[in-house]
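This report is written for a reader new to the structure shown below. Please keep the sequence and the model in view while reading.

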Amino acid sequence: MGQAKKRGSFEERVKQAQAHQDNFYGISASDEDIRKELGLPDDAQSIGYVIHLPDKDEFVADIIDNDIAFSVTYAKLPKMAKIYDKPELAIVDAKKITKHKLLVCVLFES
């Protein structure tokens with residue numbers, strides 16, 4: 001118990017543990033390469049990046065993260081998902097959600 005107190009409050013220790021559990025992985029590829037690999041038509045346009053929950057087949061629609069509350073809203077349809085301009089921004093939000101397996105994906109419109 002004494003050693004834990006030396007490492008900080010419970011909240012600080014949880015944040016430290018989450019930072020050390022950075023077990024995210026993925027591939028770095030251009031939207032064009034992804035479109036070709038998936039066999040999408042040439043006119044399929046990349047809209048942005050979304051956070052997908054593959055186990056539930058849902059998408060993150062909104063995240064509220066402030067000093068008062070942390071709340072995540074989910075949607076079944078990709079068009080209702082929160083769209084990020086850069087994958088790094090989606091990854092930052094995805095790391096805040098610890099109770100689901102998540103994927104940051106490119107959303108295409110065809």
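## Basis of the description

The model is predicted: local features need pLDDT of at least 70, side-chain atom pairs count only at pLDDT 80 or more, and totals for chains, interfaces and linings use all residues. Residues are numbered from 1 along each chain as its sequence is written, and side-chain values use heavy atoms, with hydrogens and water left out.

## Overall make-up

The protein has four helices and four strands. Here helices (H or I, at least four residues) and strands (E, at least two) are DSSP runs, numbered from the N terminus. Read from the N terminus, the order of the elements is α-α-α-β-β-β-α-β.

Of the 110 residues in the protein, 23% are buried. Buried means under 20% relative accessible area, exposed means over 50%, and partly exposed lies in between, with a 1.4 Å probe and protein chains only. The protein exposes about 8500 Å², and carbon and sulfur atoms supply 52% of this area; accessible areas come from the Shrake-Rupley method with a 1.4 Å probe, and for residues only the protein chains shown count as cover. Among contacts (heavy atoms within 4.5 Å) with a separation of 6 or more, 55% are between residues 24 or more positions apart.

## The sheet

Four strands form an open sheet with antiparallel pairing, in the order E3-E2-E1-E4. E3 and E4 (103–109) are the edge strands, each pairing on one side only. Two strands pair if DSSP finds at least two bridges between them. On average, and with direction ignored, neighbouring strands of this sheet are turned by 45 degrees against each other. Axes are lines fitted to C-alpha atoms, for helices over the stretch in contact, and angles run from 0 to 180 degrees between N-to-C directions.

Strand E1 (residues 45–53) pairs with strand E2 (residues 58–65) over two bridges, and Leu53 has Glu58 of E2 as its bridge partner. These two strands form a hairpin with four residues between them. Six bridges link E2 to strand E3 (residues 70–75), with Asp62 partnered by Thr73 of E3; a hairpin of four residues joins E2 to E3.

Helix H3 (residues 31–38) lies across E1 and E4 and runs at about 80 degrees to E4. Helix H4 (residues 87–96) lies across E1, E2, E3 and E4, at about 10 degrees to E1.

## The nonpolar core

In soluble globular proteins, nonpolar side chains tend to be buried together. A nonpolar core is a set of buried Ala, Val, Leu, Ile, Met, Phe, Trp, Tyr and Cys residues joined through side-chain atoms within 4.5 Å. The largest such core has 13 residues, of which Ile51, Val60, Tyr84 and Leu102 touch the most other members. E1, E2, H4 and E4 are the elements that give two or more residues to this core, and E1 supplies the largest share, three residues.

Beyond its neighbours within four places in sequence, Ile51 is in contact with residues including Val60, Tyr84, Ala90, Ala94 and Leu102.

Arg35 is found in helix H3 and counts as buried because its relative accessibility is 11%. The side chain of Arg35 reaches the backbone oxygen of Ala44 at 2.3 Å.

Tyr74 is in strand E3 and is partly exposed, with a relative accessible area of 28%. Not counting residues up to four places away in sequence, Tyr74 touches several residues, among them Leu53, Phe59, Ile97 and His100. The C-alpha atoms of Tyr74 and Lys56 are 10.0 Å apart, and the two residues are 18 positions apart along the chain. Asp57 is found in the loop between E1 and E2 and is partly exposed, at a relative accessible area of 45%. Most residues other than glycine have a negative phi. Asp57, however, has a positive phi near 50 degrees.

Methods:
Polar contact = N/O pair within 3.5 Å; in protein donor to acceptor, adjacent residues only side chain to side chain.
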